[in-house]
Amino acid sequence: MFTGIVAELGEVAGIEQRGDAARLTIQGSTEGVSPGDSIAVNGVCLTVTGILDGSFTADVMGETLDRSSLGALTPGAPVNLEQSIRLADRLGGHLMQGHVDATGTIISRTPAEHWDQVRISLPGSISRYVVHKGSIAVDGISLTVSALGPPGGQTWFEVCLIPETLKRTTMGARQPGEVVNLEVDVIAKYVERLLSGEASK
């Protein structure tokens with residue numbers, strides 16, 4: 001599990017294509033990291049397969065490459081990194097699994113004096129789980145939904161990025177047209193399943 005509080009900006013040091021999979025080498029802090037540990041890379045939970053000097057490797061299967069933005073990464077690209085939480089850790093953001101539900105595209109970016117407002121497309125398959133003032137993970141960053149598209153046509157949502165988020169994450173440089181990973185609040189999905197009666201079947 002993760003909280004969406006990005007620990008650092010890492011960098012893609014290398015990509016080794018392996019047919020229907022890929023091995024990523026990510027430059028970033030490896031203090032306290034061991035093979036088998038989970039690290040969220042742009043919001044995608046990956047298992048550490050090796051530790052190098054100041055970097056780690058992780059294998060990414062084809063399903064993940066197809067359903068997330070990881071398939072479009074190139075060497076030198078910055079990535080958001082967060083190690084999995086421990087039960088004693090503070091829950092600074094919201095509970096996240098690192099399982100990307102869909103991808104969205106940045107529609108617009110409006111800078112203000114001390115913050116930026118970013119509008120992102122919202123796929124219909126997950127729009128029912130996104131609510132005004134609720135939480136959503138964008139590239140592994142826990143953000144609050146500040147606005148939604150009109151009822152009956154929720155094709156977008158907006159988030160406001162404070163200076164700390166702009167400085168410490170990839171969202172500081174993301175531009176319209178770029179694709180981002182989206183993960184909705186898993187609790188909303190469980191509630192929907194329980195209310196529908198599917199869980200008892």
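I started with strand 6 (residues 78-83), which gives the most to the lining of the largest cavity, with 3 residues. Strands (E, at least two residues) and helices (H or I, at least four) are DSSP runs, numbered from the N terminus.

A note on what I am looking at: this is a predicted model, where local features need pLDDT of at least 70 and side-chain atom pairs count only at pLDDT 80 or more, while totals for chains, interfaces and linings use all residues. Residues are numbered from 1 along each chain as its sequence is written, and side-chain values use heavy atoms, with hydrogens and water left out.

**Entry 1: the cavity**

I looked up how many cavities of 30 Å³ or more there are, and the structure holds 1. On a 1 Å grid over the protein atoms alone, a cavity is a set of points where a 1.4 Å probe fits but cannot get out; a pocket is an open set with protein on both sides within 12 Å along at least five of seven lines; lining residues have an atom within 4 Å of a point. The largest cavity has a volume of about 30 Å³, a volume being the space filled by probe spheres set on the points, which are joined across faces, edges and corners. Among the residues that line this cavity I found Val6, Asn80, Glu82 and Asp139. By class, its lining has 3 nonpolar, 4 polar and 2 charged residues. Here Ala, Val, Leu, Ile, Met, Phe, Trp, Tyr, Cys and Pro count as nonpolar, Asp, Glu, Lys and Arg as charged, and the others, Gly among them, as polar.

**Entry 2: the pockets**

The largest pocket holds about 390 Å³ of space. I counted 16 lining residues, and Ala7, Glu82, Gln83, Ser84 and Asp89 lie nearest its centre. Strand 6 gives the most to this lining too, with 3 residues.

The second largest pocket has a volume of about 300 Å³. Its lining has 17 residues, with Ile141, Ser142, Leu143, Ile162 and Thr165 closest to the centre. Which strand gives the most to the lining of the second largest pocket? I found strand 10, with 5 residues.

**Entry 3: two backbone angles**

Lys133 has a positive phi of about 75 degrees and lies in the loop between strand 8 (116-121) and strand 9 (135-138). Asp139 has a positive phi near 50 degrees and lies in the loop between strand 9 and strand 10.

Which of these is buried and which exposed? Lys133 counts as exposed at 58% relative accessibility, whereas Asp139 counts as buried at 0%. Buried means under 20% relative accessible area, exposed over 50%, and partly exposed in between (1.4 Å probe, protein chains only).

**Entry 4: salt bridges**

The structure holds 12 salt bridges, each a side-chain nitrogen of Lys or Arg within 4 Å of a carboxyl oxygen of Asp or Glu. Asp139 turns up again here, linked with Arg174 and Glu178 in a network of salt bridges.

Arg119 and Glu158 meet in a salt bridge at 2.7 Å, N to O. Arg119 lies in strand 8 and Glu158 in strand 11, so the pair ties together parts that are 39 residues apart in sequence. Arg119 is partly exposed, at 26%, and Glu158 is buried, at 7%.

I also looked up Arg168 and Glu164, whose side chains meet at 3.5 Å, N to O. Both lie in helix 2, 4 residues apart, about one turn of the helix.
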